[in-house]
Amino acid sequence: MDYEALGLTAGIEIHQQLDTREKLFCRCPTRLRNIEERTAEIHRYLRPTVSEMGVIDRAAAEEMKQTRLFTYYTYDTTCLIENDDEPPTPMNPEALDIGLTIAKLLSMTVIDQVHTMRKMVIDGSNTPGFQRTALIAMNGVAGNDCRIESICLEEEAAQRVAGNTFSLDRMGIPLLEITTAPCMHTPEEVREVAAYIGMVLRSTGRVKRGLGTIRQDVNISIAEGARIEIKGVQDLDLIPEVVSREVQRQVSLLAIRDELSSRGASLPDDGIDVTDLFRETKSKVLKKARSIMAVNLKGFAGIVGREIQPGRRLGSEMSDYAKKCGVGGIFHTDELPAYGITDEDVAALKEACGAGSDDCVVLVAGTAAEASCAILQVLSRGRMAFEGVPEETRKMLPEGSSAYMRPLPGAARMYPETDVLPIALSREMVDGIVLPELLSDRAARFRREYGIDEDLARRIAYSDRLITFEKAVLAGIKPSLAARTLLSTMRELSRDGVDCSDIDDDQCILLLTRVNEGGVAKEAVPDILRALAGGLDLDGAIESVGPAFSVADLESLVDRIVDERSDFIRERGMAALGPVMGIVMKEVRGRIDGQVVSDVLKRSIQKIL
Amino acid sequence: MKTGDQVSCTISGIAVDGIYITERDGMAVVKLKSGYNIGIHPHQVAFQGDGEELAVAEPPVVQDTRLPVFSIISTGGTIASRVDYRTGAVTSRSTADDIVRAIPELGAIGQYRTRQPFSILSENMRPAMWIDLARAVYEEIEAGVRGIVVTHGTDTMAYSASALSFMLDTPVPVIFVGSQRSADRPSSDNAMNTLCSVAAADADLGEVLVCMHATSDDDYCAVHRATRVRKMHTSRRDAFKSIGTEPVATVTYPDLQVKRRDVAVRRDATDLALHDTLEERCALIPYYPGMDPAILDAHSSCRGLVIAGTGLGHIGSSMLDGIRQLKADGTTIVMTSQCLHGRVCSRVYNTGRDLLQAGVIEGDDMLPETALVKLMWVLGQTDEPQEISRLMQENLKGEIQRRSLYGL
């Protein structure tokens, strides 16, 4: 796709959990728990509050289509503040310090006086009905020339357990929200900026790592399209796919818009009741439905069923809108006959609706209220098709396509958090922040100072084991040995199901020191790590792999093996080295260094030849 | 610059549009387009234009004239408020229409008259205001309403409710209500508390009561007798507890079913009467180890003094002379206990017997705050020492219970 010609504009919002000792506005630890460990449940309702203009925010209104009772799980690691039963504490200075450090790394201007706000969120994920958030810095730059608009420090929401039940362990963990300007123009650029910001975040060594600790929201639009926010992209490598599929969707929707207008397509104001038409149908869903509504979309034939994104049709979009009313989905004549609905059913339906061959009829089934609500939603989405691309918040689907979630929230849903006093940020405070070395700089330094290759240097700099690596090198271990052990060896072990994460740094470094000094064979390292992960101490682990082999022991073993295979060796000459080496290694693996074995064997073979 | 003006802020050389809100600690507070407020040095803020006046859409509220009439009297505790997202300001609302607009379910229960005798934070409440409040409630009952709801800040709600208990003989329920979480937040307890209060005001009850969340859940409210209720937590929704007794009733939510207990005073059991005189020169002091007896001298102008003593109702013997002196100067002294739960008994130990001899009145199982309010009221009714003593020791509005029940 020619993204420049299409006028692609994209921006990202990155949400990163901070690894602080306490939460942002209470003194609870930032620890996630198993729901089995919960201590109690709290049951609450939330009500939308009305603004001075007499309106309820459109995104909030969509969440409140029905009154819901929310359930919250509490733990011995949560308190009355998460329960919304105690006012918040002052903002956690540790979190603010991390935020300011990142702001400084991104060359941003820090706000003179930080004001905490309440952002209305009434989907139940925040017990007070709002999320506390504060703008702390503005106008920075990421990488080459992408402008960072703002950094906000906010509270993480509670985790949904199921339905309207939430777990309070996650709520209140400090979250840094970094918003870029819409300055990216290709999918690859979006991935690069996201990766750069992620690298800056990790450079502090004070952000949480692991699943769900960093989330990207991507804002995408093309010329004549609309701003679409796709929430919750967790995997960086999926970003280009998400962007390209969204561009594809918007291009398809614009083509549909043009085609509808050239066909002179039109929509009625409401659907009609066709419940009686399906009394004798073979479709199980329709047969048991209390009410079936249909609507004739004039001039829409072939368009509702047209793919606009891999696996998604215009019909899928209509279906997402209809589902807000509680129905399971929709049927449309572009995909019928199917699902037990026969040719005769379709013919009767088309006739009842007065539909011609250019038209598409949409069906919805449910209770009377659900069906009539759903048919209006289908019509509403149908009308948007004439305009092109509706502004929406969407959620990412596993392969990179996306589904409708709700309208874009209005800007008008933020008011001051009066329980938290403003915080003045002085120049001295910002000047006093000591910047950590960026991971990218650190990788370059490793390459320069330790002579390890570029890829390995980058991988070690970005890995969880960076600190262990630096300690090991400081202890005099060869950087290449340390890097290989901490990256390749441990990764291979984890593929075998061995969890090395609990192995103590000191044990690890001591082991590598022994290898460095020749006391332990390099080859023994995986088995020793395996034993360490199993809970043995270092000496026990080394012992378990087998007693060390002296060079004298090795020489007699090699001589014996060479002697037994003398015919073979004479026949092959030095080419026999490889096969025989394999036999020797089987006996001594892990107990003596491979290089030593090879030297001894070479000498022994040369003696025969 | 004034609130609502359109301004432009220069941040690292880039202009950002916003709305001027106010000045705070030498900083200009500006609401940016994104909705965030920031504090910024005033010299970085440039005036761009006058703020737009936004017409406030107020959909009309139609009250159903077939429903019973209730009176909502606001004292400053807000049960309805509205957020201005433009400036972020929260304004409280107290007209009947505002309240029904904020809590639409109220419209299905009744029609509403509203009054606002004053609007204060409940920590600024004074006994003179109890009199104004009692008169307002009296007039509303006289006007024939089905029940009264008084919205009140939670800090001193129990004092005010208790005061009205003594000043007012009421044939209809007078329900005090407030919220622990402010009404502008989606999670506020205001709506449920108010709905339950109106249900209680509609019920077969005839006394002054406090209606608040019974648990941390949005499941039911407890209706407490005004003279036996106390705020026992600084922030929880279920801060209000009946002490030494069970709540008079419960109201479930959201179905608003009122369950009355036998101890409740029924509707129309009492004729309407107002006794609106109080002696304000009264004090409540706790005794503590090392207390300087001179503190008593500072109370020499008091006509009544309630002491929250230790245990069964004690104070250190070093205080005895001061007590005798106060008594001789004509001050009525009532002993209660800082234990809150239980009954004072000054006959068990010597200290207690000395206090009795000095003329201190045993406060029985009255809560210290209730004893203070009652003493103000009793001293407002009579100057006769014997009569004062009799009234203080007699149960007038459920403040004294003859028996201490196990399990409460």
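A salt bridge is defined here as a side-chain nitrogen of Lys or Arg within 4 Å of a carboxyl oxygen of Asp or Glu. By this criterion, seven salt bridges are counted between chain A and chain B. The model is predicted, so that local features need pLDDT of at least 70 and side-chain atom pairs count only at pLDDT 80 or more, whereas totals for chains, interfaces and linings use all residues. Residues are numbered from 1 along each chain as its sequence is written, chains are lettered from A and ligands numbered from 1 in the order in which they are written, and side-chain values use heavy atoms, with hydrogens and water left out.

One salt bridge pairs the side chains of B:Arg185 and A:Asp419, at 3.3 Å from N to O. In polar contact across the interface of chain A and chain B are 24 residue pairs, both residues being at pLDDT 80 or more; such a contact is a pair of N or O atoms within 3.5 Å, where within protein one must be able to donate a hydrogen and the other to accept it, and residues adjacent in sequence count only if both atoms are side-chain atoms. On the side of chain A that touches chain B, two or more residues each come from β2 (40–45), β6 (116–120), β7 (130–142), β8 (146–155) and β22 (414–416) of chain A. Helices (H or I, at least four residues) and strands (E, at least two) are DSSP runs numbered from the N terminus. The most residues on this side of chain A, seven, are given by β7(A). By class, the residues of the side of chain A that touches chain B comprise 24 nonpolar, twelve polar and 16 charged; Ala, Val, Leu, Ile, Met, Phe, Trp, Tyr, Cys and Pro count as nonpolar, Asp, Glu, Lys and Arg as charged, and the others, Gly among them, as polar.

In total, 52 residues of chain A are in contact (heavy atoms within 4.5 Å) with 52 residues of chain B. About 4,300 Å² is buried between chain A and chain B, 53% of it on carbon and sulfur atoms; buried area is the accessible area (1.4 Å probe) that two parts lose on being put together, summed over both. Strand pairing, which requires at least two DSSP bridges between two strands, also occurs between the chains: β5 (residues 113–114) of chain A and β4 (residues 37–40) of chain B are antiparallel over two bridges. Within this pairing, B:Ile38 in β4(B) is the bridge partner of A:Val114.

Chain B contains an open sheet of four strands in the order β20-β21-β22-β23, with parallel pairing. The edges are formed by β20 (282–286) and β23 (361–362) of chain B; each has a single partner strand, so one side of each is left without a neighbour in the sheet. Strands β21 (residues 304–309) and β22 (residues 332–337) of chain B run parallel and are joined by six bridges. B:Ala308 has B:Thr336 in β22(B) as its bridge partner.

Over all chains, two disulfides (cysteine sulfur atoms within 2.5 Å) are found. One of the disulfides joins A:Cys146 to A:Cys183, with an S to S distance of 2.1 Å. A:Cys146 lies in strand β8 of chain A and A:Cys183 in the loop between β11 (174–180) and α4 (187–203) of chain A, 37 residues apart, and the pair thus links distant parts of the chain. The count of salt bridges over all chains is 85. Among them is the pair A:Asp464 and A:Arg209, at 3.2 Å from N to O. Because A:Asp464 is in the loop between α12 (454–462) and α13 (466–474) of chain A and A:Arg209 in the loop between α4 and β12 (214–221) of chain A, this pair ties together parts that are 255 residues apart in sequence.
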